[in-house]
Structures are given as structure tokens and as C-alpha cells.
Amino acid sequence: MTTHPAQVPVPGAIFSALPIPAFMTGLRDGDEVILDCNPAAEQFLSASAPILRGAVATDRLYIDAPMEEAMARARHNRAPIFINDCDVSTSEKPSVLCTIQIAPMNDPADTLLLLITPRDIAGRLGRTRVVKAAAKSAIGMSEMLAHEIKNPLAGIAGAAQLLSMGLNAADRELTDLIVAETRRIVKLLDQVEQFGDQRPPDRKPINIHDVLERARRSATVSFGAHMQLSDDYDPSLPDVWADPDQLQQVFLNLIKNASEAQPQGGKIRIHTYFERGLQVAGHDERRVALPLHVEIIDDGPGLPAAIAENIFEPFVSGRENGTGLGLALVSKIIAAHEGWIEVKSRPGQTIFRVSLPMAPTTTKETR
């Protein structure tokens, strides 16, 4: 049998395939200019490669770090330079915390390779893994609690109702309290059972805006009646690959979370858009692209700083009487869809962003 060596991608193909913004820069008349950039860099700067080529790097990238000194050192020492936790902004976008890598190409022209890794990407991926592990560890306990506690509670509520029939009005207040509290606990256990449900989603091509509209209509006549809900949809979005019922549960929970954060009323905006570049490891470790994005944006007080990093973990809640299962369920559903969810919060604005895969081009594909 004749074996053939595997084909190795050419450097240009590797450069284009990098999932993070990458630039080739060189000196021209004393300025650091962009010689070339990959598609992720085009997206990061909201400009095409032909426009960026020849532009002075500092006119396009605003980096809160001594870049001239770092680039000169990389050229002089012929060694890579790493800069952690610096703010990078552009003329189109606000600053993002990034890690910068500068590496000399060791060619006569002293070309440098500049890689920009937004920290939110690495951080979100890490948090996704933590959330998945936490969810798995809580599922067994949740199922046990739901099954073992709900049956005795039904008996307690029934006994209290029977007792109330022979009591005066003052004593019935106590039995009514027993019934009300048992119903409250049963409602909580229903959430716990829902969290413990491990059935895979019934995924199919669906219009994300149909799901969002159903969730919005449901919210406006119930828990979100005191809020001003608006939409900012991209009508050209392709179908998403998802279970419509589970996805509606996700958006209902997110809208409810935003509504409960502002009991006196406020604004919620639902924003959808298409943006390539984000990929995660799927259930079988293949790469799954997540170009479809939904943002639930509210103008409330923001998440408490003490729980912001762990908000998707089970039993973590920012409300006094919160169960801590609503957002954990959201995270569990999104993970089952091979997507991810993140949150950015500050006083006056909280954004929950859900990123999902497109529906496959044929019915036989599962991405």
C-alpha cells in the first residue's frame, strides 16, 4: 500500500484561518504600518484588508500599552513579546481587554506578526467549561430532591386543607399558610426537575425571531407587563439549529431575569445580529461556528459584583428569594445546543448574549 504524506497548509492559509485578529506590520518612513491582516482582523476593525493595508497601525488600533517600545524590542531581540491585560479599541468599537503577542518573522524586512486575543473569548470559554461541570454535578442531587420531597409535600398540603374545614377563621390562617408554603416549595421543585431533565434537544431549522416574538408576547402579559420591551432584529438572519421550545424557555428566563431586576419598571431591548468568527468545541470536539447572536439588554442596576462571574452556576442568585436555577437552566440548554452564553454588566446596562449555530445546509447534517 502506498502512503502519501499529508498536505500541510501553506502559511497564507494558516494566517487566514486564525480565529483571532492577526496583522503583519512593518516599518515605513518611521511608522508601523499594516502590511496584511486576516479575516478576523477585518472583522475586529470593521474594515476590509485592501483598506487596511498601508495604514499606520496606531491610526487603526488604540492600544493602552507601550507598543512602539515592545515592537522595537521584538525586532532587536528576534524574540516574541507578550503583553497581558491591555485595553484595545478602534474607531468603531469600545475598548476590549486583550492579550497582545508580537513575534518577529525573521525576514530582511523586519516584518512583525501581531496577534490580538480578546480576553472575553478566553474567559467565556473557560466559564463555559466550569458551568458544564457544575451543572452535571448538580443534576443528580436535583433529581433526588425533586422525587423525594414532592410526594410528602402533597400529603402535608392535603392534610392541612382537611384540618382547615373544622377550624375557625383565625386558625385557618395557619393552615392556609401551610398550604401556600408547600405550593411554593413544589413550584421550586418543579424548577429543580426541569433542571435535571437530561433529554437532548429536538433540534431543527427555526426562525429565531419567531421564538423571540413568542417569548416577548408571553412576557408582556405576565411578569414583564411593567417593562418597555423593544426589538432590534436583523431580518436577514438564517435559520438557527435549535429546539424551539427549549430556546423559548431560554429567552423567557432571560427576559424574566431582566424584569425582576427592575420591579419599578424599565427598558428591555432584544437585539439580533450575524457575526462570524466565534467557534467552540462541539459535543464530539469538532469546531462549531456560532454566527447567530441574540442580546437581551436591560437598563437596570446591573449584577452584584460578588456573583457576576458565577451567575450561571446552580444556586447562585442575586435576589433575596431567588432559587439560582433560572440562569443555570439557561446555561444548560445553551450548552446542549453547542452554543454559549455570556453576560456583561455594569450599573445601567446588563447584556446577556446568546450565540448559536446556523441550521445545516442539508437535513442530514448535524454540524
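**A walk through the helices and a loop**

Let's start with helix H9, which runs over residues 244-260: its 17 residues reach 24 Å from the first C-alpha to the last, close to the 24 Å expected at 1.5 Å a residue. Keep in mind as you look around that this is a predicted model.

How enclosed is H9 by the rest of the structure? Of its 17 residues, 12 are buried, so the helix is largely enclosed. The buried residues are Pro-244, Leu-247, Gln-248, Val-250, Phe-251, Leu-252, Asn-253, Leu-254, Ile-255, Asn-257, Ala-258 and Ser-259. Now look at the N-terminal end of H9, which is capped by Asp-243. A side-chain oxygen of Asp-243 lies 3.0 Å from the backbone nitrogen of Asp-245.

H9 also has a partner to find. Helix H8, residues 208-220, packs with H9 at an angle of about 45°, and the two axes are 9 Å apart. An angle between 35 and 65 degrees counts as oblique, and H8 and H9 are therefore oblique to each other. Their crossing is right-handed. On the H8 side, the contact is made by Ile-208, Val-211, Leu-212, Arg-214, Ala-215, Arg-216, Ser-218 and Ala-219. On the H9 side, Pro-244, Leu-247, Gln-248, Phe-251, Leu-252 and Ile-255 take part.

Next, move on to helix H10, residues 326-336, which is mostly covered, with nine of its 11 residues buried. These are Leu-327, Ala-328, Leu-329, Val-330, Ser-331, Lys-332, Ile-333, Ile-334 and Ala-335. After H10 comes Glu-338, which has a positive phi, near 60°.

Loops are worth a visit too. Thr-111 sits in the loop between strand S5 (96-104) and strand S6 (112-118). Is Thr-111 buried or exposed? With a relative accessible area of 9%, Thr-111 is buried, because buried means under 20%. Its side chain makes a polar contact of 2.9 Å with the side chain of Asp-107. Setting aside neighbours within four places in sequence, Thr-111 is in contact with Met-24, Thr-25, Leu-35, Ala-103, Pro-104 and Met-105.

Finally, step back to view the whole chain. It has 10 helices and 15 strands, and buried residues make up 42% of its 367 residues. Among contacts between residues at least 6 apart in sequence, 63% join residues at least 24 apart.

How values were computed. Residues numbered from 1 in each chain as written. Predicted model: local features only at pLDDT ≥ 70, side-chain atom pairs only at ≥ 80, totals over all residues. Heavy atoms only, no water. Helix = DSSP H or I, 4+ residues; strand = E, 2+ residues; numbered from the N terminus. Expected span 1.5 Å × (residues − 1). Buried < 20%, exposed > 50% of the residue type's maximum accessible area, 1.4 Å probe, protein only. Polar contact = N/O pair within 3.5 Å; in protein donor to acceptor, adjacent residues only side chain to side chain. Axes fitted to C-alpha atoms, helices over the stretch in contact; angles between N-to-C directions. Parallel < 35°, antiparallel > 145°, perpendicular 65-115°, else oblique. Left-handed = near helix turned anticlockwise from the far one by under 90°. Contact = heavy atoms within 4.5 Å.
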